Every structure is written in structure tokens, then in C-alpha cells.
Amino acid sequence: MQMKNNVTEFILLGLTQDPVRKKMVFVIILIFYLGTLVGNLLIITTIKTSRALGSPMYFFLFHLSLSDTCFSTCIAPRMIVDALLKKVTISFNECIVQIFSFHFFGCLEIFILVLMAVDRYVAICKPLHYTNIMSHQVCGVLVAVAWVGSCVHSSAQILLTLSLPFCGPNVIDHYLCDLQPLLKLACTDTYVTNLLLVSNSGAICTVSFVMLVLSYAVILHSLRTHSAEGRKKALSTCISHIIVVTLFFVPCMFIYTRPATTFPMDKMITVFYTIGTPLLNPLIYTLRNAEVKNAMRMLWSKNLISDDKR
């Protein structure tokens, strides 16, 4: 137990140590984060204020945008500040908090994406029973289960982290605290811990991705019996979901489903799904969804009218 208390803080090397490149990182991440906040908060506000967006699909989209906002906020603000500092340190307790929040909202996003696929499956393959199966009560329970499941997953990550003894090396070659880079610093054999990591994070990513691929394959196959107009509308929605799923799951599986080895590209891949995907999600869902775009126009029109009355 004595060894575990030897390291009280870690040094984060970030994306780069070059001063010029760090300024570029500051500008790029700041723009991406502001775009993420604006896009996702706009979707959240639109869904909350629009009566036309009361279906389960938009209920799940609301929670996806909420998880995207929180997921990005766990990482981006600190990256922005750290890019201005010469030496970046993070305390052991802050590291634990970041691991918990990062995995909590990341796992929540995975579960919400699965629920969105279930919703589309029921809507397209069992349209006559849709309102009974996907009632407001059922959707509320499903989202609650997703939150609880995410808490269980992230708690497991914390237990794995606290089981590692750190007795000297404290330099993390990354821009965030996560179990993978921490395994390199532990002064013990991490083979079992890495197996547990793969069976936890890796299994969640892989099993969820396989489920999603199979569900969308069934959905696309069933569209053959629909009318041309119905097929076009359903296909547009499903393609948006498939794009989001691919952008998020492929990098996650690359990071969490392999042995305890690191590659130079790991940091950029992590940037993609922690900073890039939360920015792209609102763009994908709004650009390909006429109902969301119309609801946003109505919200914008209402704000303009209320401003004119003042």
C-alpha cells in the first residue's frame, strides 16, 4: 500500500511540446469546443422547446447531445488551458475524476446510440406496435438504465486505476488521464489489469458495435417492403445514425480492444473521438434531418419576433 502513495501528481506531455504547435492546438481545440457547445446546446434547446420533436427518436437525440456536451467538456477545457502552459501537471485525485467522467459520458454515448438503433428498428420493422413498445415511460426507463450502466462501467475503471501501484515514473505521454497510458507507469505486472480493461471497455465497444451493425443491417433489409417515400425518409435517418456510429466506435475499438501497447497515432485518434465526434454529431443530425432544421428555423423565427416586439 505504501507504493501507491508515492506519486501524488502526473505530468501530461500533451499533443506536442513545441511552443508554436501548442498555440495551434489552443486555437483549434477552442474552435472545436465552442462549435461543440453551440451545436449540441442548439439541438438540446430545439428539442426541449419544439412540440414537433416529441417522438422517442428526438428524446434519445436530446440525451445524445447532452452526453456529447459533457463528454467534450471533460477533456477540451483542460486541453485549452494546458496548451498555454509550459509544464502541465495533474494531481492524482484530478486524474481519477477525469477518468471517471471521461468513461461515464463516453459509455453513456455508446448506450444512447444503441437505444437510438433500437428505436429505429421498432419504428421501421414494427410500425404498428411502435407507440406501445416505445412509450414515454419505456424510453425514460431505458435512458435511466443507460445512466446507471455508465456509472457501473466508469466505477470499474476507477477500481482498476486505484489497484495500480505508482512508485516513481509520473510522466504521461498523453493529453488526458486514462487507464491505457497509466498502465505504462505502474510498477507492477499489468497483464491482468489490461485483460480486465479489454473485457470492460473493449467488450462494451465491440459488442455494442456488432449489435448496431446487425440492427441496421436488419433495418436496411426490411426497407425493401416500404414505399419509395417511406424508404427515402427512413434511409436518410439511418444513414445519419450509421455515420455517427462509425465515427465513434471505430477509434474506440482501436484504442481499447488491443494489448497494452501504444502507438504514436493514439493521441490523434483519441482527439478524433473525444473532440471531433461531439462536434460532428450535431452537424450530421441537423444537415440530414428536415424536422430538426424546420424546428430550428421556427425557434429562430420566434426569437426574432420576440426581439422585434421589444
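Residues are numbered from 1 along each chain as its sequence is written, and side-chain values use heavy atoms, with hydrogens and water left out. In this predicted model, local features need pLDDT of at least 70 and side-chain atom pairs count only at pLDDT 80 or more, whereas totals for chains, interfaces and linings use all residues.

The largest nonpolar core holds 87 residues. A nonpolar core is a set of buried Ala, Val, Leu, Ile, Met, Phe, Trp, Tyr and Cys residues joined through side-chain atoms within 4.5 Å; buried means under 20% relative accessible area, exposed over 50%, and partly exposed in between (1.4 Å probe, protein chains only). The members that touch the most other members are Phe10, Leu61, Ile112, Leu113 and Phe166. Helix H3 (residues 92-125) supplies the largest share of this core, 18 residues. Helices (H or I, at least four residues) are DSSP runs, numbered from the N terminus.

Two packed helices are described by the angle between their axes and the distance between the axes. Axes are lines fitted to C-alpha atoms, for helices over the stretch in contact, and angles run from 0 to 180 degrees between N-to-C directions. Angles under 35 degrees count as roughly parallel, over 145 as roughly antiparallel, 65 to 115 as roughly perpendicular and the rest as oblique. A crossing is left-handed if the near helix is turned anticlockwise from the far one by less than a right angle, and right-handed if clockwise.

Helix H2 (residues 56-82) and helix H5 (residues 136-162) have axes 11 Å apart and pack at an angle of about 25°. H2 and H5 are therefore roughly parallel to each other, and H2 passes H5 in a right-handed crossing. In the contact (heavy atoms within 4.5 Å), Pro56, Phe59, Phe60, His63 and Leu66 of H2 meet Cys139, Gly140, Leu142, Val143 and Trp147 of H5. Eight of the contact residues are nonpolar, two are polar and none is charged. Here Ala, Val, Leu, Ile, Met, Phe, Trp, Tyr, Cys and Pro count as nonpolar, Asp, Glu, Lys and Arg as charged, and the others, Gly among them, as polar. His63, in helix H2, counts as buried because its relative accessibility is 13%. Apart from its neighbours within four places in sequence, His63 is in contact with Ile112, Val143 and Trp147.

H3 also packs against helix H8 (residues 228-256), at an angle of about 150° and with the axes 11 Å apart. H3 is therefore roughly antiparallel to H8. H3 passes H8 in a left-handed crossing. The H3 residues that meet H8 include Phe102, His103 and Gly106, and those of H8 include Ala234, Thr237 and Cys238. The contact of H3 with H8 has 12 nonpolar, four polar and two charged residues.

The axes of H3 and H7 come within 10 Å and cross at roughly 20°. H3 and H7 are therefore roughly parallel to each other, and H3 passes H7 in a left-handed crossing. The contact residues of H3 with H7 divide into 17 nonpolar, five polar and one charged. Leu220 is found in helix H7 (residues 191-222) and is partly exposed, with a relative accessible area of 35%. Leaving aside neighbours within four places in sequence, Leu220 is in contact with Leu235 and Ile242.

Technical notes
Helix = DSSP H or I, 4+ residues; strand = E, 2+ residues; numbered from the N terminus.
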